[in-house]
Amino acid sequence: MTDEILALATSRLDDPAPWARSFSPLVMAWLADAGTFTRESFAAFSAWYPAERDTRGFDPEVGWIHAVAHGAD
């Protein structure tokens with residue numbers, strides 16, 4: 001089951017919605033702490049983090065986004 005969650009979280013790094021992209025690394029960090037991680041997920045994250053342009057911490061319509069903080073996790 002954790003492999004499926006990791007695959008979904010990794011795929012969300014390409015989501016058009018900034019909140020989907022920003023919360024994926026948080027899930028990925030929890031999975032990595034639990035021992036579930038792959039080279040492919042690491043590569044996807046490594047490509048996403050420096051390229052993420054939506055670095056707002058808060059959006060008045062959707063709430064907290066914080067890609068920078070979750071990426072740092």
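## The nonpolar core

A nonpolar core is a set of buried Ala, Val, Leu, Ile, Met, Phe, Trp, Tyr and Cys residues joined through side-chain atoms within 4.5 Å. Keep that in mind as you look at this structure, which is a predicted model. Its largest nonpolar core has eight residues: Leu-6, Ala-9, Leu-13, Met-28, Leu-31, Phe-45, Trp-48 and Ala-67. Helices α1 (2–11), α2 (18–33) and α3 are the elements that give two or more residues to this core.

## Helix α3 and its two sides

Now for α3, which runs over residues 39–51. This helix has 13 residues, and the distance from its first C-alpha to its last is 19 Å, close to the 18 Å expected at 1.5 Å a residue.

Which residues of α3 are buried? They are Ser-41, Phe-45 and Trp-48. Looking down the axis of α3, you would find these buried residues within an arc of 70 degrees, so they line one face of the helix.

The C-alpha atoms of Glu-40 and Arg-56 are separated by 27 Å, with the two residues 16 apart along the chain.

Is Glu-52 buried or exposed? Its relative accessible area is 10%, so Glu-52 counts as buried.

What does Glu-52 do with its side chain down there? One partner is Trp-48, whose side chain makes a polar contact of 2.6 Å with that of Glu-52. Another is Arg-21: the two side chains are joined by a polar contact of 2.7 Å. Leaving out residues up to four places away in sequence, Glu-52 touches Arg-21 and Ala-67.

## Salt bridges

How many salt bridges does the model have? The count comes to three. One of them pairs Glu-52 with Arg-21, where the closest N and O atoms are 2.7 Å apart. Since Glu-52 lies in the loop between α3 and β1 while Arg-21 belongs to helix α2, the pair ties together parts that are 31 residues apart in sequence. Arg-21 counts as buried too, at 14% relative accessibility.

Arg-56 has salt bridges with Asp-54 (2.7 Å, N to O) and with Asp-59 (2.3 Å, N to O). That links Asp-54, Arg-56 and Asp-59 in a network of salt bridges. How accessible are these residues? Arg-56 counts as partly exposed, at 34% relative accessibility. Asp-54 is buried, with a relative accessible area of 16%, and Asp-59 is buried at 11%.

Note on methods: Residues numbered from 1 in each chain as written. Predicted model: local features only at pLDDT ≥ 70, side-chain atom pairs only at ≥ 80, totals over all residues. Heavy atoms only, no water. Helix = DSSP H or I, 4+ residues; strand = E, 2+ residues; numbered from the N terminus. Buried < 20%, exposed > 50% of the residue type's maximum accessible area, 1.4 Å probe, protein only. Polar contact = N/O pair within 3.5 Å; in protein donor to acceptor, adjacent residues only side chain to side chain. Contact = heavy atoms within 4.5 Å. Expected span 1.5 Å × (residues − 1). Arc of directions from axis to C-beta. Salt bridge = Lys/Arg side-chain N within 4 Å of Asp/Glu carboxyl O.
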